[in-house]
Amino acid sequence: MAVTKDEILDAISKMSIMEVVELISDMEKKFGVTAAQLQDFLVLTGDAADNVGGVPGVGPKTAAKWLATYGSLDGLLAQVDSVPGKIGETLRANLDKVELARKLVGFKTDLTLGLTWRALRYPASSQQAAA
């Protein structure tokens with residue numbers, strides 16, 4: 001049974017700051033990318049949970065290597081002609097899929113919600129009762 005994004009967000013919302021920092025650190029160790037690079041990583045590898053295809057043949061190792069080398073998806077695309085080998089050819093042949101995947105896995109960051117982080121916190125008594 002797959003875990004939904006809503007379930008993940010609900011679990012994260014109940015974590016302390018230190019638990020979130022540890023989760024991010026674990027993610028960086030597992031995937032080899034920073035939290036800031038996660039969206040670019042999903043564009044390259046695809047996101048099966050959301051039925052978003054990435055670049056054919058690009059798995060976690062290749063995506064992490066490219067992001068370490070070029071810094072970001074934008075950095076990779078700026079130098080796309082210098083990416084060597086068959087996988088470089090595949091990337092260049094699928095630039096339209098890269099742009100579509102970027103839109104599909106993109107995070108909307110320009111929304112005005114009218115809420116503060118403090119307002120979104122669970123009351124301390126709710127956190128203690130859940131523990």
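At what angle do the axes of α6 and helix α7 cross, and within what distance do they come? In this predicted model, the axes of α6 and helix α7 (residues 95–105) come within 5 Å and cross at roughly 65°. Axes here are lines fitted to C-alpha atoms, for helices over the stretch in contact, with angles running from 0 to 180 degrees between N-to-C directions. The two helices therefore sit roughly perpendicular to each other (65 to 115 degrees; under 35 degrees is roughly parallel, over 145 roughly antiparallel, and the rest oblique).

A word on the ground rules. The model is predicted, and local features need pLDDT of at least 70, side-chain atom pairs count only at pLDDT 80 or more, and totals for chains, interfaces and linings use all residues. Residues are numbered from 1 along each chain as its sequence is written, and side-chain values use heavy atoms, with hydrogens and water left out.

As for the overall layout, the chain has nine helices and two strands, taken as DSSP runs numbered from the N terminus (helices are H or I, at least four residues; strands are E, at least two). Along the sequence they follow the pattern α-α-α-β-β-α-α-α-α-α-α. Of the 131 residues, 24% count as buried (under 20% relative accessible area; exposed is over 50%, partly exposed in between, with a 1.4 Å probe and protein chains only). Contact means heavy atoms within 4.5 Å, and among contacts between residues at least 6 apart in sequence, 48% join residues at least 24 apart.

Back at the helix pair, L91, R92 and A93 in α6 meet L95, D96 and V98 in α7. The residues of this contact split into four nonpolar, no polar and two charged (Ala, Val, Leu, Ile, Met, Phe, Trp, Tyr, Cys and Pro count as nonpolar, Asp, Glu, Lys and Arg as charged, and the others, Gly among them, as polar). Setting aside residues up to four places away in sequence, L91 touches V55, W66, L76, V80, V83 and V98. Also in α6 (residues 85–93) is G88, which counts as buried because its relative accessibility is 0%.

R102 forms one with D74, the closest N and O atoms being 2.9 Å apart. R102 lies in α7 and D74 in α5 (residues 73–78), so this pair ties together parts that are 28 residues apart in sequence. The side chains of E99 and R102 meet in another, at 3.7 Å, N to O. Both E99 and R102 lie in α7, three residues apart, about one turn of the helix. Through shared partners, salt bridges join D74, E99 and R102 into one network. R102 is partly exposed at 22% relative accessible area, and E99 is partly exposed at 36%.

Note on methods: Salt bridge = Lys/Arg side-chain N within 4 Å of Asp/Glu carboxyl O.
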